Amino acid sequence: MGPREVMARLLELWREYALIRRTSALLEWDQETCMPPAGAGARAAELECLAGLAHERLTAPALGEALALLEQWAEELDPLEAAQVREAARARGRALRLPRALVEALARAAAEGLESWRAARELGEFSLFQPALERMLALKREQAGLLKPAGGEAYDGLLDEFEPGLTAERTARLFAGLEAPLVGLLERVRSSRRRVDESPFQGDLPREGQLAFGRRVLEAMGFDFEAGRLDASTHPFCSGHGPGDARITWRASATDLRPCFFGLVHEAGHALYEQGLDPALDLTPAGAAVSLGVHESQSRLWENLVARSRPFWEAFAPALRECLPLAADPEGLFLAANAVRPSPIRVEADEVTYNLHILLRFELERALLAGRLEPADLPGAWDEGMERRLGIRPAHAGEGALQDIHWAMGLFGYFPTYTIGNLYAAHLHAAAAKEIDGLEDRIGRGELGALREWLRIKVHRHGSLLPAERLMEAAAGAPPGPEALLAHLGGRVRAVYG
Ligand code: ZN
């Protein structure tokens, strides 16, 4: 057999693994959207079984033999084939370090943790979730210990799953550099005499009208309703099942459009990435989205750089008035979309304080994994961190340590990718504004297609062909750093608060 035949064998073996993973993702989507509560036990067993099967496929000797041969022939591979080998070897290398029983236990704990989190969150009662978190954390500490790179810390092994190659130490340095400028911006807002009127988005707002307006904007963004769907859930998310099936969920407040609307645009940004992946590479190692930071750059770019901009509201204020009893003008909507006000809830936070939420979660989960913090002390540490960073204290655990779904599902090492995504989003947007003729004017006319196509060509269709940072550099023509984000935030704060 030559390299081409072995590559075909590799892709055939990978396809089965990818199909098992995709089936799990579909069951997880179902668990969060339509599964009846009494189905939870059966679902945990199903997900545990599939996690074991996926692990078996990924660690199978046949896959290892194909990879070993292809690695020998590295010089003969083209860039796509080299990426297929790199991504498959990476996933297999991680899987080989973990016993199947641990992988299965993690899947079961995630399914059970989700149910216990949901019940605890509804009552704002952390003690109801604490036992599930303790079980999950014990498993994550074990997993992190097995994945820990030489010379690194436990957290690195988990972060690497979501943002390949990134370490806790590098993240801490990056975040430390962001903190002072962000706190400075918050101080500027606090000392400003201007108060932003948030009423343009507030009223007695029927859910149907909120969804109708969201759908109008999603259509303009180019969300393909034939290749995606919208459903309600406790925690908004996007679930990708290949370019032909990207599902997003939403939740609404009865009195403020912003949680529903910006959440929908955010998740649709994720879905456009999934819908824009190259179908020819579907179910191959290099065919998937490259990292969560890049994924988040897509959602945050649409949510913040586009949907919170002045031209956007010039274009969409009339549609808003048609769908909802809001008599708002574009300038009022622009200002209200950019009100900076520390809020206990991360997903509803403004752009300035959002990253401070992430800094806190990073600090807490790093301490949890290292054993410096125990679940019983989490609510106290959370509230203290909120007070220190944002000057507010959650009224109950539902808007404190219970607000996010991540730790319940075992997603430790995930939060930093949100801030990475914010950095990438601003970096990409600055490049798009230079390269797309009259981007602001187009958005002001409600024409969002040119930006979507630019993202499709520069980011979406590449899948995992290039590692994340190199993809960002290739797309934007310069390596990503914090400059574009800080310039963007400084500009917005000036525009709104003087
Ligand atoms: Zn997101």
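The buried residues of helix α9 (buried meaning under 20% relative accessible area, with a 1.4 Å probe and protein chains only) pack against β1 (228–232), β3 (246–250), α10, α11, α12 and α18 (449–458). These buried residues are G209, Q210, F213, G214, V217, L218 and M221. The model is predicted, so that local features need pLDDT of at least 70 and side-chain atom pairs count only at pLDDT 80 or more, whereas totals for chains, interfaces and linings use all residues. Residues are numbered from 1 along each chain as its sequence is written, and side-chain values use heavy atoms, with hydrogens and water left out. Helices (H or I, at least four residues) and strands (E, at least two) are DSSP runs, numbered from the N terminus.

Helix α9 covers residues 207–221, and its end C-alpha atoms are 21 Å apart, in agreement with the 21 Å that its 15 residues should span at 1.5 Å a residue. The expected span is 1.5 Å times one less than the number of residues. Just after α9, G222 adopts a positive phi of about 95°. Helix α5 (residues 100–123) has 24 residues, and the distance from its first C-alpha to its last is 35 Å, close to the expected 34 Å. The residue that follows α5 is G124, with a positive phi near 60°.

Two helix pairs were examined for packing geometry. The axes of helix α3 (residues 61–72) and helix α4 (residues 79–96) come within 11 Å and cross at roughly 135°; axes are lines fitted to C-alpha atoms, for helices over the stretch in contact, and angles run from 0 to 180 degrees between N-to-C directions. This angle makes α3 oblique to α4, where angles under 35 degrees count as roughly parallel, over 145 as roughly antiparallel, 65 to 115 as roughly perpendicular and the rest as oblique. The crossing of α3 past α4 is left-handed, a term for a near helix turned anticlockwise from the far one by less than a right angle, with clockwise giving right-handed. On the α3 side, L63, G64, L67, L70 and E71 make the contact (heavy atoms within 4.5 Å), and on the α4 side V85, A88, A89 and R92 do so. By class, this contact of α3 with α4 comprises 6 nonpolar, 1 polar and 2 charged residues. Here Ala, Val, Leu, Ile, Met, Phe, Trp, Tyr, Cys and Pro count as nonpolar, Asp, Glu, Lys and Arg as charged, and the others, Gly among them, as polar.

Helix α12 (residues 310–323) packs with α13 at an angle of about 115°, the axes being 8 Å apart, and the crossing of α12 and α13 is right-handed. The contact involves R310, W313, E314, A317 and L320 of α12, together with P330, E331, L333, F334 and A337 of α13. The residues of the contact of α12 with α13 divide into 7 nonpolar, no polar and 3 charged. Helix α13 (residues 330–337) also holds G332, which counts as buried at 17% relative accessibility. The C-alpha atoms of G332 and P200 are 6.3 Å apart in space, although the two residues are 132 apart in sequence.

Two loop residues are also buried. L283 lies in the loop between α10 (258–276) and α11 (292–306), has a relative accessible area of 14%, and takes a positive phi near 65° in a residue other than glycine. Y414, in the loop between α15 (378–390) and α16 (416–435), is buried with a relative accessible area of 19%. Leaving aside neighbours within four places in sequence, Y414 is in contact with F162, L292, E365 and H406. Y414 and E163 are 251 residues apart in sequence, and their C-alpha atoms are 8.2 Å apart in space.

Key. Buried means under 20% relative accessible area, exposed over 50%, partly exposed in between (1.4 Å probe, protein chains only).
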